Amino acid sequence: MAKLKIGVIDLVSKGPTNTLWSKIMHANLASIMPQVVATWCEQEGHEVKMICYTGTEDLHKELPKDVHLVFISSFTQAALLAYALSNYFRSQGAVTVLGGPHARCYPDDAIKYFDYVLGFTHRSTIQEVLDNCTPQRPLGKHLAAKGQPAQLPGVKERWKFMEPTLKKAPFLKIVPMLGSVGCPYTCSFCIDSVVPYQPLEYEVIREDLHFLLTKFKKPWVVWHDPNFGVRFKDNMEAISSAAPPKSIQFIAESSLTILTEDHLKVMEQNGFEALLPGIESWYELGNKSRTAHLEGEEKVNRISQHVNMMFRYVPYVQTNFVLGLDSDVGDAPFELTKRFVDLTPAAFPGFSLLTAFGEAAPLNLEYQRAGRVLPFPFHFLNNHLAMNLKPKNYEWVDFYNKVIDLTAYTFSKKALYRRFMATPNFTSRWMNFMRAVSSEGYGRLRFYHKVRKNLIEDSAFRKYFEGETTLLPAFYRNIIQKDLGLWWQWLPQGALEHNPNAYLQKNQKLTA
Ligand code: SF4
């Protein structure tokens, strides 16, 4: 096979940004699979240039030049930038490939703009692309392995492609690692609920941790596992046998079921510094928080006690909530979350607006069947800029009133002060403060106010939210144009729209 010049682009950002959060943290949000793909391609004998776009660089200058093949990895919020880049590279004669969450959620849309769109990706999937590096038009090819790969190149093998991105992070440099894929739980809204749990090789984990100790005095590692610690004992043994206690600092997303006091004691000894359990709602989704039989105020009290207990062992806890779930009615869910903020002052609450990402989760079929999925452009599907599902029990203005009230409460001066005082160490205090005053706290609040104002004052805007028109309000179109900048002209015709019911229609065809 001829040696190919290959570009790999990891899109962390969907456009230029200069928020404090993006400057400090975007380089720490790089994905693992683009580094894996770059490693595999190089091991196959090709010449690879990889970039991670964090929104602070001049993208045009950084792009790989004169390439035969380009892999782009993107979450749905950066899909329009990915589509524009694909169009640009195709105009230069390159073959383009899309991978990452957007490719998994919206493959039928993405094949209109890429030569290849990848689902689960093994080394053999990449080899297939390399062996058939030719344009696929008018529609690209969707390639997907049956499941996640059983093993992936570790940090040591990926280092060459990871290091330049870490250099972009000014203070904290956080290395992404993976101990497992999939999840044994079955939360119907989650992309990992249908992916069987599978631990990766513990020997690779040990080797990688050893390796990191040669690169940093006290490394930071973030586990990208959907639910870290399912095989708790094995994971902890791998960590403790690789590194002296507390010589590496870890961040992980894990369900409360796993985060028992006994487990937390072990995690503290092994250097866990930040944990992100999902709470989601006070009225459902309790199957992973040991509170399936509880709801409402009782659940708030129980979970608050649990999270407060966690602070005896880890200095940073982010609690994740989903707003607008079908089980939520009236003021209660929002008021209960405010109560949780009061009772658990040190926790950082992360709020997501309920979003149905294409074929990500089985529940999305139900939403599409009920005609509730709205065609918001991909650019806004990041769990907070738009909610692409009509809420079941709220009308829009009332819903935004409640979201604004909860966000303002959570990031009020009083709450910030209480969080600051209750947070145990400097790094955690500083992180909470930065998140509150940057795009996440104040930034979202400003945006929600604008949406609410438009809902009240602009009837065409409101009609779009009600599903009575598919004509995209200028408010949203202008944001996309501004964010894409020079890439706006490369956005392929029709890319602003997508079929919000594609998953259901495909399913109906398959079962007909
Ligand atoms: S526990 Fe977490 S990762 Fe597992 S299915 Fe539920 S939401 Fe997804």
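Predicted model: local features only at pLDDT ≥ 70, side-chain atom pairs only at ≥ 80, totals over all residues.

User: Great. How many residues are in the largest nonpolar core?

Analyst: That core has 122 residues, and W223, F272 and F399 have the most contacts inside it. A nonpolar core here is a set of buried Ala, Val, Leu, Ile, Met, Phe, Trp, Tyr and Cys residues joined through side-chain atoms within 4.5 Å. Buried means under 20% relative accessible area, exposed over 50%, and partly exposed in between, using a 1.4 Å probe and protein chains only.

User: Which helix gives the largest share of this core?

Analyst: Helix α4 (residues 79-91) does, with nine residues. Helices (H or I, at least four residues) and strands (E, at least two) are DSSP runs, numbered from the N terminus. Apart from this core lies another one of 24 residues, including I32, V36, V95 and L143.

User: Back to W223, what does it touch?

Analyst: Leaving out residues up to four places away in sequence, W223 touches M177, L178, G179, I205, F228, I239, F250, I251, A252 and F272. Contact means heavy atoms within 4.5 Å.

User: M177 is in that list. Which way does it point from its strand?

Analyst: M177 belongs to strand β7 (residues 174-177), where V175 and M177 point one way and I174 and P176 the other. All four of these residues are buried.

User: And which strand does β7 pair with?

Analyst: β7 pairs with strand β10 (residues 220-223) in the parallel sense, over four bridges. Two strands count as paired if DSSP finds at least two bridges between them. Within this pair, I174 stands opposite W220 in β10.

User: Changing topic: how many cavities are there?

Analyst: There are five cavities of 30 Å³ or more. On a 1 Å grid over the protein atoms alone, a cavity is a set of points where a 1.4 Å probe fits but cannot get out, a pocket is an open set with protein on both sides within 12 Å along at least five of seven lines, and lining residues have an atom within 4 Å of a point. Grid points are joined across faces, edges and corners, and a volume is the space filled by probe spheres set on the points.

User: What lines the largest cavity?

Analyst: The largest cavity has a volume of about 120 Å³. Its lining has 14 residues, with L152, G154, L178, L200 and V204 nearest the centre. Helices α8 (155-168) and α9 (202-213) give two or more residues to that lining, and α9 supplies the largest share, three residues.

User: What about the second largest cavity, how much space is in there?

Analyst: About 60 Å³. Among the residues lining the second largest cavity are E280, W282, F321 and T337, and β14 (316-323) and α13 (332-343) each supply at least two.

User: And the second largest pocket, how much space does that hold?

Analyst: About 310 Å³. Of its 16 lining residues, R104, G119, F120, H142 and E359 are the closest to the centre.

User: Where is D66, and is it buried or exposed?

Analyst: D66 is in the loop between α3 (59-62) and β3 (69-74). D66 counts as exposed because its relative accessible area is 64%.

User: Which other residue has a positive phi of about 65°?

Analyst: K246, which is not a glycine either. K246 sits in the loop between α10 (232-242) and β11 (249-253), and at 43% relative accessibility K246 counts as partly exposed.

Notes. Residues numbered from 1 in each chain as written. Heavy atoms only, no water.
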